Amino acid sequence: MKQYWQPFKQHLSLVIEKVDLLFLGLVLGLWIFTWSLTLNSRWLKVFQSEVLTQNEILLSTVQGPLFGPNEYGYANKVQVPDGLRLEIFRTSESGYSRLIKAISFKHAKDAHIEFLEGASNLVLVDEDGDGSLEILFPYTDSLLNSQIETLNFANLEK
């Protein structure tokens, strides 16, 4: 009975040796890859931007006739890893949306304002009475000072 198991034991020991070598090669390769990223900051930046996912959180949306009467669109306030971004879209009659402009606010944090008996972190209003809508974009800067950016949509595509 012992003679039947002998070839199986020899084959099993060869497989274990190959798996050990493969595992050792994998660990060594990962170690070299990690050190090359650490020592070369340009490679690290490429790796972070291409491989690691960037978390973006939609904080709020406003929609309406942003570009004039019967010219509808919407704006998104998005939290990104390095601050906030305002994305402005134009909506066609067929319902297709096209990004018009994306404005980044580096190191900004979300904020809100009191408006019409409530609080909002993105407001669409005709603030100056000229008939076109503006957006009020409240935020806090890197020094935690409160700021409100007022954007007029009628001039964005020019």
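A salt bridge here is a side-chain nitrogen of Lys or Arg within 4 Å of a carboxyl oxygen of Asp or Glu. This is a predicted model, in which local features need pLDDT of at least 70 and side-chain atom pairs count only at pLDDT 80 or more, while totals for chains, interfaces and linings use all residues. Residues are numbered from 1 along each chain as its sequence is written, and side-chain values use heavy atoms, with hydrogens and water left out.

The structure holds 5 salt bridges. One of them joins Glu 71 to Arg 90, with the closest N and O atoms 3.0 Å apart. Because Glu 71 lies in the loop between β1 and β2 (73-80) and Arg 90 in strand β3, this pair ties together parts that are 19 residues apart in sequence. Helices (H or I, at least four residues) and strands (E, at least two) are DSSP runs, numbered from the N terminus. Arg 90 is buried, at 18% relative accessible area, whereas Glu 71 is partly exposed, at 33%. Buried means under 20% relative accessible area, exposed over 50%, and partly exposed in between (1.4 Å probe, protein chains only).

Strand β3 (residues 83-91) also holds Arg 85. The side chain of Arg 85 meets that of Glu 56 in a salt bridge of 3.0 Å, N to O. Glu 56 sits in the loop between α2 (41-50) and β1 (57-64), so the pair links distant parts of the chain, 29 residues apart. Arg 85 is buried, with a relative accessible area of 16%, and Glu 56 is partly exposed at 45%. Glu 87 joins these two in a network of salt bridges.A further salt bridge is formed by the side chains of Lys 106 and Asp 82, at 2.6 Å, N to O. Lys 106 belongs to strand β4 (residues 97-106) and Asp 82 to the loop between β2 and β3, and this pair links distant parts of the chain, 24 residues apart. Lys 106 is exposed, with a relative accessible area of 54%. Asp 82 counts as partly exposed, at 35%.

The last stop is a nonpolar part of the surface. Leu 28, Trp 31 and Ile 32 make a nonpolar surface patch of about 330 Å². Patches are made of residues with over 30% relative accessible area and no salt bridge, like charges being joined within 9 Å and nonpolar side chains (Val, Leu, Ile, Met, Phe, Trp, Tyr) within 5 Å. Accessible areas come from the Shrake-Rupley method with a 1.4 Å probe, and for residues only the protein chains shown count as cover. Ile 32 is found in helix α1 (residues 2-39). At 48% relative accessibility, Ile 32 is partly exposed.
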